[in-house]
Amino acid sequence: MTDATTTPMAGRPAKGKSLLKADERTRKRNAAESRFKAYGLAAVLVGVFFLLALLWAIVQNGAPAFTQTFVNLNVELDEARLDKNGNRNIDDIKKVSTFGYNPLIKDALIRATADMQTAVEEGELDKILSSSVGAIVRDRVIANPDLIGQSVEFRFLASSRVDGYLKGRVSREDLVRDKNLDAAHLDLIDLMVDEGSVERVFNWDFITGLDASESRPEQAGIGVAMLGSLFMMLVVLVLALPIGVAASIYLEEFAKQNRFTDLIEVNISNLAAVPSIVFGILGLAVFIQFAHLPQSAPIVGGLTLTLMTLPTIVISTRASLKSVPPSIRDAALGVGASKMQTVFHHVLPLAMPGILTGTIIGLAQALGETAPLLLIGMVGYIATNYPDGVASGFLDPNSAMPAQIYEWAKRADPAYYERAWGGIIILLLFLMTMNFIAIILRRRFERRW
Amino acid sequence: MEDMYHMDRAMNGLQDIKIKATDVNVYYGDMHAIKDVSVEIEDKTVTAFIGPSGCGKSTFLRCINRMNDTIDICRVIGDIRIDGEDIYDPKVDPVQLRAKVGMVFQKPNPFPKSIYDNVAYGPKIHGLARNKAELDEIVESSLRKAALWNEAKDRLDSPGTGLSGGQQQRLCIARAIATAPEILLMDEPCSALDPIATAQVEELIDELRQSYSVVIVTHSMQQAARVSQKTAFFHLGNLVEFDDTDKIFTNPQDPRTESYISGRIG
Amino acid sequence: MSSTFIFLIVLVLAVLGFFGTKQRALASGGGDRRTLHSLPNYYGINAALAAAVPALVVLAAWLVVQPIVVDRVIGAELPAATAEDRGARSLVLADVRRVADGLDLAVSQGVMSDGEASNLSADSNDIRERLGAVGVALGSDVDARTLRLAQDYRDYARLGAILKTIVVIAVAVIGLSIAYRMTDKDFRARNYVERAVMLLLIASASVAVLTTVGIILSLIFNTLAFFDSFPTADFFFGTRWEPSFSGRGGASDLGFLPLIWGTLFISFIALTVAVPIGLFAAIYLSEYASNTVRSIAKPMLEVLAGIPTIVYGLFALLTVGPLLLDVFGNDGILGVNWMSGGTAAMTAGLVMGIMLIPFVSSLSDDIINAVPQTMRDGSLGLGATHSETVKQVILPAALPGIVGAILLAASRAIGETMIVVLGAGAAASLSLNPFEAMTTVTAKIVAQLTGDGEFNSPETLVAFALGITLFVITLGLNVAALYIVRKYREQYE
């Protein structure tokens, strides 16, 4: 070794130090390295934990909404009360109001619980049932007057408190100050469950049914709101897809570099980041205040969401147009196609899978969007009617899934919270399906050039 | 110069073997990139690795300071020793190894920091300076050794990315020297530079030979002939021939070497 | 004739035009399509476009303009005192419209004959009842003037509908006949069609501009109306937000400061959660994680971004709020009694932070990946550890991009609505306690526009003033962020 290297410089470690022994400083640095890495891993785990906590809360709280407690009862449809004349005249039968049926149901309850030890007074028995039951029996009788005089088996909705008791949401202590139900009712329910006349079954009505008034959470369903969302999404699809694709084709294929193009580009990138509530204000001011379209109508919701979704569709469409290599364009132009023919015959079909993927993702975003719907009146409306037809589906007041969920979350009865979580499960299933389709499309058709 | 080198070698015999590689194989996934390479690299010598693109010369270079560790699919089998110590021993910390084996890359890659901070980066992380004055001294001596001091001394605080290509590469060399390495690996250090900058860097490499064992990968045979004393010719992952540079260029033993030198393969 | 029907007629004309013109083109070429300038379909499309596009544009314009014109004409018949007061005028007009619509409905359901509806007089005071029978609920009995105006309104509307039918169909026929006449084997149909398609493309692209213009106009006009009736300074510098319930008017405190304070406070909490977690997650995933871990963890984090905000809102209201209350509330685990209700700035901020994690992490991930690999090699080659490389080389190099990402996240937080509507509470307060209920600009926009308030009262119009401040703030943040990110990307391209 020469002198130059054996003389250590100021502060430098002597050369020729063994690599096999880690010095103190290296050990410290490696510890810092592991700590840093651990922070990163912890951050990822925290994020994943939040996701799992969220999903757990949703499933835990929402799953009970898909089952409902029913009471099976044999109701004697007493001819003396329902059809005094005995001639099955439908008009006479209709004269008997819902209240006329309630005593029959009470009787049925008394008979059903006759051999049970219960502290519930006979007059209080029907509090275990939903207040909708009289109407159910009446509708059935009016639909089929021949049932009068027979003993018919009915499956009645139990009241939401009873339902909550069986789902573990309501306990005896909760009922101390409740004026509808007391602990004795719950003892009776326990007996009826043992006997088999009270049961929890899958609740189709929650998925397909109507919303209900504030006091009858057991009856509420999300079906009508689902239709409202469907009509809104149709509007978004029919408007946003063609307009978005046309705009992207112009910007990507034809637009010259000038101020107008710059203006549009800046607008699109900024609109993509405008808070959704601002689009709600726009919808309120333009479609309702100015154009006098009906409030709460899916068409207004659809138009508002269209404007909100356009930037998403434009951005993804432009990306997929851009990914079609210039050689395709050159080839088409080279055989004498016009620029327009080149784009519509060659570039657009090749970009289609990407465009559809972007559109589905945009639709999924629009489907879950709530804030703009609040402003155009799709909340606060109680969706208790199915639309009569396609036109009324677009124009009649309706709710939408996220708006319905928000509405339920605001109601006072905790039984509605369960409905809200259940609605979220349905909403997320739709979103998952849409994203899944988008992923499949991308996997199946994506081309690598 | 040349004579001194030979005298030196004769005096020290085998003692100044700095890097000794035995039967090194490297795989990228299923690809067998380096096949049974054994080589002995001497101290205070410039050794050039030449060969056509994809022959494995850069891959082998990156084995010497374990930069290949950063590539997930890369596996290294075999034995590489520096000063007799197996650098792939589990007890060896690649961080310490890389402080001892500096590296200069194909494209000048100064950090987006000032010139001073670029050079001070290594000494800082390795704790080589006890105080600011020592750090200043290290920065100055490194820049001097890299022949950049005169150009950079008045603008130490300006960003390293603002220098010209040749200056940037010399800055990267200064940065590598600052950690007081014993070996300098250079991966085509001049391929992104113009001829004048290349000449400056080559001159610098020749001076660095006084203090370090320099291994340089190059595409250019002329460069290998100009700067190196030993040359290794790689072809398809094999080390075909390794000998004194004069000998390789004037009297190659292997027909493949001869074809490459005369421009028939490459 | 209804607009739907007119629309269908125009479409039928267009289809007929397509086939007719195509035939004519072929005939002019003697049946040999090779003699034509363009493909036969282009002649057809040209005619179809000529028939449909101008007619439909006229139809759309008519639908927008007619109600405005009718309103103006009817408004001119109002007594001067009512006409000058904007609020009263719009109230009366709304009544008129409702009665007119009711009459239309009654006629269409056969409850009234058409003549009866036109000749009803207010003395036969069963109007309210009869309209109620067809499902039109009127608040009060109809006075004579309103009824007369409603009848006028129907007359004008009917006249407008007849004119509309004639004009639209005439435009369609004229367009079609011009195109038909021009059709000839030498006519350059393709060029015309392409020019028309180009116009459609440009029109579509302009929708974005129109949307922005629509947003700005609807915000500005209503904001000006708000400042007509409420002092500007009291809005911007007021420290109390206490709108009186609608109807009483006056006496409302509509101070902006507590709302923007709540907004910024909650956004700050959200960013304190999201930025460290998102940034560290991005660093871990792009620098350390193996491919397997990345391919699982990255989509999982991105799922958080795809969940609708209403879900986060519910999570805040029903899960996180009660949980925080159990810890920090009265009789809580810590016994500190900082929190008196589940809805608080902390609740909303925490949940919003969770929502923003994937936003920060995927933006930072892109930005960290844009730092060239040679930087990493350079640092590792000097013997730096991976974390030293990240902290001292990659992060400083990526800093502008990360700042841009954080600004975008901040703009997202400021504009977020559902989480704060459900999770933050309703009381506006200028408090420093994160466990206290707070409210934000977005939450108050919702509250003021969904109440039963009169549209023209300051309590409702204030929402537009809030909207415009929100729009300006988020726009500013976005423009700044996009500018910074673009500059950053250019540096490494």
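Reader: Let's start with charges: how many salt bridges are there between chain A and chain C?
Author: The count there is 1 salt bridge, meaning a side-chain nitrogen of Lys or Arg within 4 Å of a carboxyl oxygen of Asp or Glu. This is a predicted model, where local features need pLDDT of at least 70 and side-chain atom pairs count only at pLDDT 80 or more, while totals for chains, interfaces and linings use all residues. Residues are numbered from 1 along each chain as its sequence is written, chains are lettered from A in the order in which they are written, and side-chain values use heavy atoms, with hydrogens and water left out.

Reader: OK, which side chains meet in that salt bridge?
Author: A:Arg29 and C:Glu388, at 2.8 Å from N to O.

Reader: And which helix of chain A gives the largest share of the side that touches chain C?
Author: Helix H2 of chain A, residues 24–62, with 22 residues. Helices here are DSSP runs (H or I, at least four residues), numbered from the N terminus.

Reader: What's the class make-up of that side of chain A?
Author: It has 55 nonpolar, 13 polar and 3 charged residues. Gly is counted among the polar ones.

Reader: What area is buried between chain A and chain C?
Author: About 6,300 Å², with carbon and sulfur atoms giving 81% of it. That is the accessible area (1.4 Å probe) that the two parts lose on being put together, summed over both. A:Phe36, A:Leu54 and A:Ile281 supply 10% of what chain A buries against chain C, more than any other three residues.

Reader: Switching over, what area is buried between chain C and chain B?
Author: About 1,600 Å², and there carbon and sulfur atoms give 64%. In contact terms (heavy atoms within 4.5 Å), 17 residues of chain C meet 22 residues of chain B. From the chain C side, H14(C) brings the largest share, 7 residues.

Reader: Last topic, the core. Which residues touch the most other members of the largest nonpolar core?
Author: B:Leu143, B:Met186, B:Leu208, C:Tyr312, C:Ile445 and C:Leu466, out of 239 residues. Such a core is a set of buried Ala, Val, Leu, Ile, Met, Phe, Trp, Tyr and Cys residues joined through side-chain atoms within 4.5 Å, where buried is under 20% relative accessible area (1.4 Å probe, protein chains only).

Reader: What does C:Tyr312 touch?
Author: Not counting residues up to four places away in sequence, its contacts include A:Leu54, C:Leu304 and C:Ile419.

Definitions and conventions. Helices (H or I, at least four residues) and strands (E, at least two) are DSSP runs, numbered from the N terminus. Buried means under 20% relative accessible area, exposed over 50%, partly exposed in between (1.4 Å probe, protein chains only).
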